[in-house]
Amino acid sequence: APSKIICVGRNYRAHAEEAGQPIPEFPVVFAKGVNAVVGPDAPILLPRALRSDRVDYECELAVVIGRHCKNVSAGQALEFVLGYTCANDVSARDWQIERGGSQWSRGKSFDTFCPLGPALALDVPDPQALTLRTHLNGDVVQETSTADMIFSVAEIIAFLSGSTTLLPGTVILTGT
């Protein structure tokens with residue numbers, strides 16, 4: 001049960017380039033509601049009251065903060081990590097892009113829109129040397145390396161903890 005979910009968007013160089021988006025100077029930050037969290041094998045429910053037929057997947061590395069973290073440097077940041085897990089930043093593109101009032105949170109916070117798990121890796125020597133892969137109906141539909149991140153895990157934690165306390169249990173999604 002995360003205390004908070006903070007997400008970073010547009011954090012992979014290749015993805016930003018293929019979308020024709022500029023490389024951001026600072027991490028692009030948005031929030032997902034904790035109501036969105038489900039287990040890795042739970043069904044993703046398509047929104048019907050606020051209907052969306054443009055629901056998409058985004059495989060991401062999730063970082064779980066283990067202790068109070070504020071104003072840490074990138075050099076200290078990984079000392080505050082409890083562990084790492086898999087996340088799917090499920091997104092209703094119509095609510096994210098056209099109907100969200102220029103904010104991404106609405107289209108990304110519907111119930112079941114944040115599958116996490118199935119395991120928490122406690123000992124990851126280098127979070128910038130991981131492969132992320134999404135399978136859909138047996139086909140690989142996404143594959144990348146965390147080495148392509150614009151902002152590293154340590155840089156993200158340092159940025160997010162600047163003048164803001166990250167509580168134990170905070171989950172950070174690091175981009176797709």
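This is a predicted model: local features need pLDDT of at least 70, side-chain atom pairs count only at pLDDT 80 or more; totals for chains, interfaces and linings use all residues.
How much space lies in the largest pocket? About 550 Å³.

**Stop 1: the pocket**

Select Cys-59, Cys-86, Ala-87, Asn-88 and Arg-133. Of the 26 residues that line the largest pocket, these are the closest to its centre. Now colour the strands around them. The elements that give two or more residues to the lining are β4 (55-56), β5, β6 (81-88) and β9 (131-136). Which of the elements gives the largest share of the lining? That is β9, with six residues.

**Stop 2**

Cys-59 is in no disulfide, and the nearest cysteine sulfur, that of Cys-86, is 6.5 Å away. Cys-59 is buried, with a relative accessible area of 15%.

Next, pick Cys-7. Is this residue buried or exposed? Cys-7 is buried, at a relative accessible area of 0%. The nearest cysteine sulfur to Cys-7 belongs to Cys-114 and is 6.5 Å away, and Cys-7 too is in no disulfide. If you search the whole structure, you will find zero disulfides.

**Stop 3**

Arg-133 is partly exposed, with a relative accessible area of 40%, whereas Glu-143 is exposed, at 51%.

Now select Arg-93 and Asp-56. Their side chains meet in a salt bridge of 3.3 Å, N to O. Here helix α3 (residues 93-98), which holds Arg-93, is linked to strand β4, which holds Asp-56, across 37 residues of the chain. Arg-93 counts as buried at 18% relative accessibility, while Asp-56 counts as partly exposed at 28%.

Together with Asp-56 and Arg-93, they are linked in a network of salt bridges.

One further bridge to show is the one between Arg-99 and Asp-94, at 3.4 Å, N to O. Arg-99 is partly exposed, with a relative accessible area of 43%, but Asp-94 is buried at 4% relative accessibility. In the whole model, the count comes to ten salt bridges.

**Stop 4: along helix α3**

While helix α3 is on screen, click on Ile-97, which has its place there. Ile-97 counts as exposed, at 53% relative accessibility. Then turn to Gly-107: it is ten residues from Ile-97 in sequence, and the two C-alpha atoms are 7.9 Å apart in space.

**Stop 5: a nonpolar patch**

Switch to a surface view and select Phe-26, Val-29 and Phe-159. These three make a nonpolar surface patch of about 270 Å². Phe-26 lies in the loop between α1 (13-18) and β2 (28-32).

**Stop 6**

Most residues other than glycine have a negative phi, and most peptide bonds are trans. The next selections depart from that pattern.

- Arg-10 is not a glycine, yet it has a positive phi of about 50°. Look for Arg-10 in the loop between β1 (4-9) and α1; it is partly exposed, at 24% relative accessibility.
- Ser-163 also is not a glycine and has a positive phi, of about 60°. Ser-163 is found in the loop between α5 (153-161) and β11 (170-173), and it is exposed, with a relative accessible area of 64%.
- From Gly-117 to Pro-118 the peptide bond is cis, with omega near 25°. Pro-118 lies in the loop between β8 (114-115) and β9.

**Last stop: a contact across the chain**

Finish at Ser-73, in the loop between β5 (59-65) and α2 (74-77). Ser-73 is partly exposed, with a relative accessible area of 35%. How far from the C-alpha atom of Ser-73 is that of Gly-162? The two are separated by 8.8 Å, although they are 89 residues apart along the chain.

Technical notes. Residues are numbered from 1 along each chain as its sequence is written. Side-chain values use heavy atoms; hydrogens and water are left out. A disulfide is a pair of cysteine sulfur atoms within 2.5 Å. Buried means under 20% relative accessible area, exposed over 50%, partly exposed in between (1.4 Å probe, protein chains only). Helices (H or I, at least four residues) and strands (E, at least two) are DSSP runs, numbered from the N terminus. Patches are made of residues with over 30% relative accessible area and no salt bridge: like charges are joined within 9 Å, nonpolar side chains (Val, Leu, Ile, Met, Phe, Trp, Tyr) within 5 Å. Accessible areas come from the Shrake-Rupley method with a 1.4 Å probe; for residues, only the protein chains shown count as cover. A salt bridge is a side-chain nitrogen of Lys or Arg within 4 Å of a carboxyl oxygen of Asp or Glu. On a 1 Å grid over the protein atoms alone, a cavity is a set of points where a 1.4 Å probe fits but cannot get out, and a pocket is an open set with protein on both sides within 12 Å along at least five of seven lines; lining residues have an atom within 4 Å of a point. Grid points are joined across faces, edges and corners, and a volume is the space filled by probe spheres set on the points.
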